[in-house]
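Please look at the model below before reading the questions.

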Amino acid sequence: MGQYFSDTSKNDDCGELTSSFTTYFKMTNTESKIITQEIIDSIELHLTKGNIQGANSVIRDALKNIDNIPINVAITGEFGAGKSSLINALMGVGPEDEGAAEVGVVPTTMRSTPYKHPKIQTLTLWDLPGIGTLNFPPKDYLEKVNFQVYDFFIIVSATRFTKLELDLAKAITFMKKNYYLVRTKVDRDLDNEKKCNPLTFDREKTLHQIRSMYVNTFIENNMDAPQIFMVSNMYLSDYDFPVLMDTLVKDLSAQRRHNFLLSLPNITEPVIDRKCNSMQQAIWLEACKAGLLATLPVVGILRDDVEKLKEKLNHYRVLFGVDDESLEVMAKDSQVPVEQLKKLIKSPYLLETEGETTLGEMFLKYLEKFASATGGPLATGLYFRKTFYLQFLFLDTVTEDAKVLLRQI
């Protein structure tokens, strides 16, 4: 990529970069980092030695791995448990949308069926046939569905955990894979309980009883009870769906964490914030890879920069569900005019007025904000290219737009 620092200032600049890099990733929670500590240490070592080329090479390879590494999630369970609905919820699509998992009243899954996430092409959700439908012992079942491909398993249940599913959980653990037990349709259970016992109905007590039933089943079979995630595929922000997402993100390897996070539906503001934090790390690494400037002259932004910025802004809007297509779907689902939704957000209009003056003013305004932020790169004297600061501005705006729409809808 070429040398970005002069020989006379190389050591000072590398020292600032090393300090800033170390500070930034120390501030980032371990369970949120998108690169491993080994990679962080390697980058810091190169920077300490003044080896900008070496640091850039490590960052480039890490980002390439993050972009390309596949994520395969296996979802299994008995017929009628809500596997297909859970897959659609994870993909952020409706049952009749293009590419959605088929939801029906008769068994629809007799073989492993892959579903590509519509926005994250490296993420594949696999709808596996229920273990009872293939009449195989758990070990043979796992081999039949090619278990080694999957990063983890989600076992879905809507009534009770059967002996076959218990044996499957044992087999998955034996083969050193993670599994997560998801109890679906709890909203229906609560509705039924309330109708049957309107005077004595206790929501928390009912949820506790359902959870205890599963825990006791494991104990009775001499197994350690896992965490039980109680969800409603219809109301994702309720119950344990956000907790399930946090757990999956935490347990995934660092290089798979970024794209999995970006795939999550905007069900709560903390989810949106976590997606933003992950994308901030990616932008920060891209900025380091591209090289750092020792000074920051206030000059115009090139036409090529403007085109790349447009691409980045549109990309962020898609990932955070505030692009035009997502707004149309949101308006239809919520029965709100799309123009009303567009009036609530700012990101579509960030680059409406082209020209150096507009982008320059935008850059300077955000630069002042960024420099004053505690722990930001400028706090240690580090200067990025102008375009990367604008990417941070775009990301902040898109993040706030997603929160505004979530509150509205």
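The following questions and answers set values against definitions.

This is a predicted model in which local features need pLDDT of at least 70, side-chain atom pairs count only at pLDDT 80 or more, and totals for chains, interfaces and linings use all residues. Residues are numbered from 1 along each chain as its sequence is written, and side-chain values use heavy atoms, with hydrogens and water left out.

Q: How many helices and strands does the protein chain have, and what makes a stretch count as one?
A: The protein chain has 17 helices and six strands. A helix is a DSSP run of H or I with at least four residues, a strand is a DSSP run of E with at least two, and both are numbered from the N terminus.

Q: Why is D127 called buried?
A: Buried means under 20% relative accessible area, exposed means over 50%, and partly exposed lies in between (1.4 Å probe, protein chains only). The relative accessible area of D127 is 0%, so D127 is buried. In the protein chain, buried residues make up 50% of the 409 residues.

Q: What makes the approach of D127 to K83 a polar contact?
A: A polar contact is a pair of N or O atoms within 3.5 Å; within protein, one must be able to donate a hydrogen and the other to accept it, and residues adjacent in sequence count only if both atoms are side-chain atoms. The side chains of D127 and K83 make such a contact at 3.3 Å. The side chain of D127 also makes a polar contact with the side chain of S84, at 3.3 Å. Both K83 and S84 are among the buried residues of helix 4, which spans residues 83-91 and has eight of its nine residues buried.

Q: Why is strand 3 described as largely enclosed by the rest of the structure?
A: Five of the five residues of strand 3 are buried, so the description applies. Strand 3 covers residues 123-127 and includes D127. From this strand, L123, L125 and D127 point one way, while T124 and W126 point the other way.

Q: How do you know that strand 3 pairs with strand 1 and with strand 2?
A: Two strands pair if DSSP finds at least two bridges between them. Strand 1 is joined to strand 3 by five bridges, and the two run parallel; within this pair, I71 has L123 as its bridge partner. Strand 2 (residues 113-116) is joined to strand 3 by four bridges, and these two run antiparallel. Here W126 is the bridge partner of P114, and a hairpin of six residues joins strand 2 to strand 3.

Q: Which strands are joined to strand 4 by bridges?
A: Strand 1 (residues 71-77) runs parallel to strand 4 and is joined to it by five bridges, with V73 opposite F152. Strand 5 (residues 178-183) also runs parallel to strand 4, through six bridges, and I155 stands opposite L181. Strand 4 itself (residues 152-157) has six of its six residues buried.

Q: What makes the unit of strand 4, helix 7 and strand 5 right-handed?
A: A crossover is right-handed if, with the strands pointing away from the viewer, the path from the first strand over the helix to the second runs clockwise. Strand 4, helix 7 (residues 163-174) and strand 5 make a right-handed β-α-β unit.

Q: Why is K176 called exposed, and why is Y239 called partly exposed?
A: K176 has a relative accessible area of 76% and is therefore exposed, whereas Y239 has 22% and is therefore partly exposed. K176 lies in the loop between helix 7 and strand 5, and Y239 in the loop between strand 6 and helix 10.

Q: How many disulfides does the structure hold, and what would count as one?
A: A disulfide is a pair of cysteine sulfur atoms within 2.5 Å. The structure holds zero disulfides. Of the cysteines, C196 counts as exposed because its relative accessibility is 60%, and C276 counts as buried because its relative accessibility is 7%.
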